[in-house]
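Please walk me through this structure, residue by residue, for someone who has not seen it before.

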Amino acid sequence: MCGIVGYIGKRDVAPLLLEGLQRLEYRGYDSAGIAIHSSGKGGGLKTVKNKGRVRDLEAKVPARFAGTTGIAHTRWATHGAPNDINAHPHSDAAQRVAVVHNGIIDNSGDLRAKLTADGVELISDTDTEVLAHLIARAQSQTLEEKVREALRYVEGTYGIAVLHADFPDRIVVARNGSPVVLGIGEKEMFVASDVAALISHTRQVITLDDGEMATLKADDYRTYTTDGSRTSAAPTTVEWEAESYDMGGHDTYMHKEIAEQADAVDRVLRGRIDDRFATVRLGGLNLDAREARTMRRVKILGCGSAYHAGQIGAQLIEELARIPADAEPASEFRYRNAVVDPDTLYIAVSQSGETYDTLAAVQELKRKGARVLGVVNVVGSAIARETDGGVYVHAGPEVCVVSTKCFTNTAVAFALLALHLGRIRDLSVSDGKRIIEGLRKLPAQIAEVLADEPRIAKLAADFADAKSMMFVGRVRGYPVAKEASLKLKEVSYIHAEAYPASELKHGPLALIEPATPTVAIIPDDDLLEKNRATLEEIKARSGRILAVAHSEQEKADDTIVVPRNEPELDPVLMGIPLQLLAYHTALALGRDIDKPRNLAKSVTVE
């Protein structure tokens, strides 16, 4: 959730760290800081940190802040308010240790009490500060051993990077539940919580596993477990260029990523369609035909937009493969002591592949012997490594906090999976060909929807003064309504709720009035007349209606018309104009679109 950057080599470290923090701003944060091994007179550690943006930190860094080793951090507040003192890095009283930390130390209260009883004065409200003191007080002789000794007392999640004044030739890092990525350079080494901070300097990376540590020196690195056993992590090559993380001429990352969706969907389809057998090839699935035929149920787990994409996926699997399927928030599943059925296939969905609640659910399922697949965007991420197989969605780097192109690509990836399972089971060749033709139409149809942006922007301006909005849809339209409601909340801060259209009369209809607009998802399918009846109910109560449909709707005040695809694939297209609606509503309200308040891109804590 927060951002970590570290460097050791021969270059001036402060500009590199500040650049890396800027690359991680999309993750969401409220304060920032930097610590270096000073090469000036007297050496030692120097730290600068403050509440606010990275640009504020950059302005605060003194001109004489020289060094070639350092760590930096962007913090999203969990323990303690956003302020200068609670910002990372954190140090011990003697300023010999500097620590940056992502995650949550669950037993920090007990550790604080013990340290206080021992005479240690804690100056921040954070859980992280205790770690700096534990490392400083450790009796071990090497920095690696000091960090290991401190971590023995820690319960919870962490991705950490540590400097020590007595060991200026190294950075020690560790991971448990929060991402840590090493970057391998030419006589220089990097560390970050996200490859985005490294990509300008190296494409050779190593992603640490939980329970793994590393020591970085300018010309060397080694990885090992928290009990000291050596590991043999090999570098992999990042597939994306640094330019993929730039705005590319757009005003915001969100707008760029909405505009990229036609190309992104083309990528997720590329090389996967098998016309000969009217199916698709999913090489990383690791699920043979015999296993696919014996499955009795599919359970999809995700959080936020990933959960909504999973709801679309569950419907596709039921419709095309005729396997009972449902989706559930991973954050709920992991706590409710669910019955784990050996005949159920579990699918974990995450854009980052590091979402903590989803990862914890995967680990619990694996502990109970379940078969788990992953649908993720980031190659080599924790969920991709922990699952038995899966599908990469190939959306490309998604920088904006709110998910757009990755949501769309995930829905398309589920269509591919549903088609694959369907053709193994009972889906006919003719239906397989029908779905393939629909998939092939998607990129051009997405471009057609995006071309309607000027009109959608005008509609959005009319909704900017709304205090609350309702989103409704039936069956295939309901997950679209849920995702559209979430998008509007995330970027505009307008209260919005999504309901199945048939549920309006069971309570929510009481909220309908002229000041509460309704967005209705109305595909031209066998429920068209039912959906039109819902419009009648809303209109009878003087509610304003914006319809997203395949043709103009007489009872709606305005209609966004989207091209018709196969009924199973229509949800992919119907969500895209509502991304633009949320974007332009937020733009009209002057919101910080790429960095919505209180939110972060990758939720790697509970």
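A residue is called buried when its relative accessible area is under 20%, exposed when it is over 50%, and partly exposed in between, using a 1.4 Å probe and protein chains only. The model is predicted, so local features need pLDDT of at least 70 and side-chain atom pairs count only at pLDDT 80 or more, while totals for chains, interfaces and linings use all residues. Residues are numbered from 1 along each chain as its sequence is written, and side-chain values use heavy atoms, with hydrogens and water left out.

The cysteines come first. A disulfide is a covalent bond between the sulfur atoms of two cysteines. Here the term is applied to a pair of cysteine sulfur atoms within 2.5 Å. Searching the whole structure finds 0 disulfides. Cys400 is in no disulfide, and its nearest cysteine sulfur, that of Cys406, is 12 Å away. Cys400 is counted as buried because its relative accessibility is 0%. For Cys303, the closest cysteine sulfur is also in Cys406, and it lies 14 Å away, which is too far for a bond. Cys303 is partly exposed, because its relative accessible area is 23%.

Helices (H or I, at least four residues) and strands (E, at least two) are DSSP runs, numbered from the N terminus. Thr223 sits in strand β13, which covers residues 220-225. With a relative accessible area of 2%, Thr223 is buried. Contact means heavy atoms within 4.5 Å. Neighbours within four places in sequence aside, the residues in contact with Thr223 include Leu182, Leu208, Met213 and Thr231. Thr231 also takes part in a polar contact, side chain to side chain, with Thr223 at 2.6 Å. A polar contact is a pair of N or O atoms within 3.5 Å; within protein, one must be able to donate a hydrogen and the other to accept it, and residues adjacent in sequence count only if both atoms are side-chain atoms.

Asp194 belongs to the loop between β10 (189-192) and β11 (204-207). Its relative accessibility is 13%, so Asp194 counts as buried. From there, the side chain of Asp194 reaches the backbone nitrogen of Ala196 at 2.8 Å.

Ala259 is found in helix α6, residues 253-259. Ala259 counts as partly exposed because its relative accessibility is 37%. Not counting residues up to four places away in sequence, Ala259 touches His250 and Leu450. Ala259 and Ala447 are 188 residues apart in sequence, yet their C-alpha atoms are 8.2 Å apart in space.
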